[in-house]
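Here is a briefing on one predicted model.

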Amino acid sequence: QKKRWLSPLIRGEEKACFGVTEPDAGLDTTSITTTADKVEGGYIISGRKMWTSTAQVADRILILARTRPKDASKNPTDGMSLFYAPLDRAKIP
């Protein structure tokens, strides 16, 4: 994974951004509401991110999403997962 993901970034062939901040979570990252639902072949991520630096030029995104609701978790960080995916602007309003 490191070779496959990092090499294009290091060579400057791809750019990536980090999607964490949400309009209703404030500084409490554990209160994000973006979800990642498992489907055949992968996940569908739904939610709202904002203030994502370099998103305008990024090819890929490292995005933070919940795979389990916060209220169904023992610790507030349980169920928080990172996904590294192509940034498909056709799927972003």
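Trp51 is found in the loop between β3 and β4 (60-66). Strands here are DSSP runs of E, at least two residues long, and are numbered from the N terminus. This is a predicted model: local features need pLDDT of at least 70, side-chain atom pairs count only at pLDDT 80 or more, and totals for chains, interfaces and linings use all residues. Residues are numbered from 1 along each chain as its sequence is written, and side-chain values use heavy atoms, with hydrogens and water left out.

- Trp51 is not a glycine, yet its phi is positive, at about 55°.
- Trp51 counts as exposed because its relative accessibility is 69%; buried means under 20% relative accessible area, exposed over 50%, and partly exposed in between (1.4 Å probe, protein chains only).
- Thr54 lies in this loop too, between β3 and β4.
- Phi of Thr54 is also positive, near 65°.
- Thr54 has a relative accessible area of 41%, so it is partly exposed.

- Ala36 has Ile45 in β3 as its bridge partner.
- Two residues lie between the strands of this hairpin, and Gly41 takes a positive phi near 90°.

**Asp88**
- Asp88 lies in the segment after β5 (80-86).
- Asp88 is partly exposed, with a relative accessible area of 35%.
- The Asp88 side chain reaches the backbone nitrogen of Ala90 at 3.0 Å.
- From Asp88 to Asp37 is 51 residues in sequence and 17 Å in space, C-alpha to C-alpha.

**Largest pocket**
- The largest pocket holds about 770 Å³ of space; a volume is the space filled by probe spheres set on grid points, which are joined across faces, edges and corners.
- A pocket is an open set of points on a 1 Å grid over the protein atoms alone, where a 1.4 Å probe fits, with protein on both sides within 12 Å along at least five of seven lines.
- Its lining has 25 residues, and Ile45, Ile63, Leu87, Lys91 and Ile92 lie nearest the centre; lining residues have an atom within 4 Å of a point.
- β3, β4 and β5 are the elements that give two or more residues to this lining.
- The largest share, four residues, comes from β3.
- The lining divides into 15 nonpolar, five polar and five charged residues; Ala, Val, Leu, Ile, Met, Phe, Trp, Tyr, Cys and Pro count as nonpolar, Asp, Glu, Lys and Arg as charged, and the others, Gly among them, as polar.

Terms used. Pairing = 2+ DSSP bridges. Polar contact = N/O pair within 3.5 Å; in protein donor to acceptor, adjacent residues only side chain to side chain.
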